[in-house]
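Thanks for asking me to look this over.

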Amino acid sequence: MDAIILQILNGLDKGSAYALIALGLTLIFGTLGVVNFAHGALFMIGAFCAVTLNRLLSLSHQVVDETRTDFLGNPLRVDIPYVYEWFGPEVGATIIDWSVPLAILFAIPIMILIGLAMERGLIKHFYKRPHADQILVTFGLAIVLQEIIKAFYGANPIPTPAPEAFVGSFDFGALIGFDPLTIMYPYWRLVYFSFAIIIIAAVFAFLRYTTFGMVVRAGMADRETVGLLGINIDKRFTIMFAIAACVAGLAGVMYTPILSPNYNMGMNFLVLSFVVVVVGGMGSLPGAVAAGFLLGILESFASRAEVIDIIPGINQVIIYLVAIIVLLTRPRGLLGRKGVMEE
Amino acid sequence: MLGLNRKDSGLFLLVICLTALAPFLLNPFPEGSELAQFNAGYPDLMQRFMIFGIFAIGFNILFGLTGYLSFGHAAFLGVGSYAGVWMMKLLTVNVVPAIIMSVIVAGLFSLIVGFISLRRSGIYFSILTLAFAQMSFALAYSVLTPITNGETGLQLSLNDPRILGISQTVDGSIPAANFFGIEMRDSLELAMGGWLFTFNAGYYLAAIVMLISFYIAIRIFRSPFGMMLRAVKSNQQRMSYTGLNTRPYALTAFVISGMYAGLAGGLMVAMDPLAGAERMYWTASGEVVLMTILGGAGTLLGPIIGASAIKYFENIFSKINDTVLHGWFSFMPDGLQDFVVAIIHPFIGKGWHLTLGLMFMLVVIFLPGGLMEGINRLRIWFGKRINGRQQTPDHAPATSS
Amino acid sequence: MSILEVNNVNKNFGGLKALNNVNLQVDAGTVHAIIGPNGAGKSTLLNCFVGRLEPDTGSVTFDGQSLLGIKPFQINQLGVSRVFQTPEIFGALTLIENVMIPAFAKRDGAFHMESWRSVASEGDLHAQAMEMLSDVGLDAKAEELAGQLSRGDKRRLELAMCLVQNPKLLLLDEPTAGMSRGDTNNTIDLMKRIAQRGVTMVVIEHDMHVVFSLAEKISVLAQGTVIVEDVPEKIKGDPRVQDAYLGGAHL
């Protein structure tokens, strides 16, 4: 039993990332009818927002410290981050320590700008083109974005730690009545999961309870009719694209302590997120979220040594295998809407 | 000629001449000159032109004709490579059985993948093929290590049985891949003035195989079968109400393109007997998509042009570095020179993928028909200008060129 | 003797009864029109003949063989061709190719792997397709792309694609919708010529001029049921038909 709970917990953080990316993909597909192969790159850019903020906050200049000397007896030159000088060393240290959560604020405007630029500059021209063209041009864009990041940040993963307060694990087992130390769960992963739930809830609430959201949902169901009502759907869809970009970016920001970002992390997540979307059902938001968590947990179970002993390599292929089976038996996916991409 | 109409015969002859004379044509700059780095006439790169040309020709039979966008074709190339290396380990280092086996194994594998994937179309098909390729990649790295040798990659060793050949040569080394005694790495070098031309046995074998593949592709394009494949792309609905079963047509195209991929994999092994799982990674599948689109999907010549262009840029662009750039712009004042080099820097050397991505986007946006469409547009444009000049005096209506 | 027999066919969409116990007999060599107000189930019925829809209950028999449970291409291979309401053609192919494809399907069956000989070497089929194109007046455009045709031309092309197969039964879904008076008359002439060759036709049509120029028998469909089936002269005066059309303004 404790082993099962542990595997579920382990699957949650990856599942959260899948769910957030898949949510954005589905929003874009449902509203704009565009298959966005560059969505993984947005996730990756989000992660690099965190890296960038961390570097910006750590910007420092050299100061001669008269109180200390090096081994030759000269005064020592030390690097002092500017934030230490502005806010004092203690607050400054805390700010740098908390750079990943702070990067959320930093990433939101950036991701919205990138999202708007992408939609207005490129995607807009591909609404009427075949899906194959959309896949191809966004695939090209993904390559360009990741190469730009590579040019600036290099090819190696850049470790970006979580705040000190969240380092380590807590004893989840003891909390719910199991033996102590049986179910240990890292704090940051719990933070990530909660964060994902909040974002998902916010997106759903936004779509459900605001007029804006209602129009968008109506547009997803029947674009032409809503257009006939004299509502400018395109403008709202542009904003939805920016929101989707933002969701992917924030998913990336918070994922950095779990996986050190490198330039091609986006592509790896994109492939899996597409599989998630297909399993969940193209065009279904709840489907995307449910399938994201489901596949994350499934992957975690398949990674158990006992399972691998029985079916070697299953952890590597489980997600694809599930996708193939689902596509062949339930072509619409688990919660897919009727009439979406059935041709 | 050979059952082709005049236009196709001309095209085929042109390709034959270009490939036969490639060692000359691709080495236009004298050795040791500033521009020698733009020469592409060395065996390794020329072999790649041919091998990836075959890969793209095959992919085009599927994507260009039927419109099914597969994102997993590298898996067939990878499987073909493994099969080829195994033949060279078990049977003989003669490349013929290796190449044949690569085609057969890739064909069988694509039959299975295609049979399942073609039950869906559109983006679902793309994702199914992607899923299969990623699965093959993951399995080749992990469970199938006894067959694939995992991360190290599969290569020949001194202990291989090679029942029809020899395990090792007299001097105790691994025998070299050959075609009935002609070693693939054998080259004939010809120095003429400042120029050096290399005629490599492996290249010419690859070239002959490519020409045969190209010829078969032309026949398929012009056949009723090819017409049916274009009909699949155009309107599947109408096809089935016309009494045609679309799925076997698409599946045959899928298997043919899978066999072409296997052939490319087999040739890769023939030139350099090793196979690794990274050949199956989905970016490798993306690469053949890029080649086909860049050259012009659905055209005969496009895939070869696309494959050569991408392989050329990959090799040449990635060799240009800042020192080279400074050399080029040395005529400029220092400040400006540094500035220009700094601007170009991200696009060259290791950044050549950025150039590739941009090129690809530009092509999809402005030239959906690829470079072939660009060439045609230019031809029409020039044609109009020339015709226009001739015809202005008597105001004759433009005739079709 | 009837070539197409429809017995007690029912089809529900959710709660909606689209077809309610439909019975229909189409005699070989005749032109049979199906008329009725919008939403009566005419197109649904036609879809059940070509395998696009499967009836919930009932039977559809063509030439003694059931059409249920087999695929559209198999139905076509039995000799049933269909012209759609919105023309279904191969837009990216030339007109001559559009007509040659059905000719190949007729000669070589549902799947035939001929990848070596060229299309150009098929002189007989080419001639046959050209003849068909000139029949519908499109021979001058044989080498143009079908997608660039006007809607009326697309319709005529689709008709040529069906006729080149020399079908036993031709199903036409509003063949003159959206056509000018002149085009409509041309199409009527063409269909009369087809009928003279002995092709059985089932026509769905709103234009009563077309219906009464061609049909030898008319079935009136209303709310998913055949309310009257008779020869044209009797249909005109039937009060039930007048009712179905809300006062019979169309007649």
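1. A word on exposure to begin with: a residue is buried if 20 or more other C-beta atoms lie within 10 Å of its own, exposed if 12 or fewer, and partly exposed in between, with C-beta atoms placed from the backbone. By that count B:Phe180, with 7 C-beta neighbours inside 10 Å, is exposed. B:Phe180 also has a positive phi of about 45° although it is not a glycine. Look for B:Phe180 in the loop between β2 (178-179) and β3 (182-183) of chain B; helices (H or I, at least four residues) and strands (E, at least two) are DSSP runs, numbered from the N terminus.

2. Some housekeeping. This is a predicted model, in which local features need pLDDT of at least 70 and side-chain atom pairs count only at pLDDT 80 or more, while totals for chains, interfaces and linings use all residues. Residues are numbered from 1 along each chain as its sequence is written, and chains are lettered from A and ligands numbered from 1 in the order in which they are written.

3. Staying with chain B, how many buried residues does strand β4 (residues 187-192) have? The count is zero among its six residues, and β4(B) is hardly covered. β4(B) pairs with strand β5 (residues 195-200) of chain B in the antiparallel sense over six bridges; two strands pair if DSSP finds at least two bridges between them. B:Ala191 stands opposite B:Leu196 in β5(B). The hairpin of β4(B) and β5(B) has two residues between the strands, and B:Gly193 there takes a positive phi near 60°.

4. Next, a helix pair in chain B. Helix α4 (residues 74-90) and helix α11 (residues 246-271) of chain B pack at an angle of about 45°, with their axes 7 Å apart. Axes are lines fitted to C-alpha atoms, for helices over the stretch in contact, and angles run from 0 to 180 degrees between N-to-C directions. α4(B) and α11(B) are therefore oblique to each other (angles under 35 degrees count as roughly parallel, over 145 as roughly antiparallel, 65 to 115 as roughly perpendicular and the rest as oblique). The contact includes B:Gly78, B:Gly80 and B:Gly84 of α4(B) along with B:Gly258, B:Gly262, B:Gly265 and B:Gly266 of α11(B); residues are in contact if their C-beta atoms, placed from the backbone, lie within 7 Å. By class, the contact of α4(B) with α11(B) has eleven nonpolar, eight polar and no charged residues (Ala, Val, Leu, Ile, Met, Phe, Trp, Tyr, Cys and Pro count as nonpolar, Asp, Glu, Lys and Arg as charged, and the others, Gly among them, as polar).

5. Chain A has a helix pair to look at too. Helix α1 (residues 2-32) and helix α10 (residues 233-255) of chain A pack at about 170°, their axes 9 Å apart, and α1(A) and α10(A) are therefore roughly antiparallel to each other. Among the residues that meet are A:Leu20, A:Leu27 and A:Ile28 in α1(A) and A:Phe237, A:Phe241 and A:Tyr255 in α10(A). This contact of α1(A) with α10(A) has 16 nonpolar, two polar and no charged residues.

6. Now the interfaces. Chain B puts 34 residues in contact with 31 residues of chain A. On the side of chain B that touches chain A, α6(B) gives the largest share, twelve residues. That side of chain B has 23 nonpolar, nine polar and two charged residues. The contact between chains C and B takes 30 residues from chain C and 26 from chain B. Here α3(C) supplies the largest share of the chain C side, six residues, and the chain C side divides into 18 nonpolar, five polar and seven charged residues.

7. Finally, chain C. Six strands form an open sheet of mixed pairing, in the order β6-β7-β8-β3-β9-β10. The edge strands, β6 (80-83) and β10 (225-230) of chain C, each pair on one side only. Strands β3 (residues 31-35) and β9 (residues 217-222) of chain C pair in the parallel sense over four bridges, and the bridge partner of C:His32 in β9(C) is C:Lys217. In the loop between β9 and β10 of chain C sits C:Gln223, whose phi is near 50°, a positive value in a residue other than glycine. C:Gln223 is partly exposed, with 15 other C-beta atoms within 10 Å.

How values were computed: Contact = placed C-beta atoms within 7 Å.
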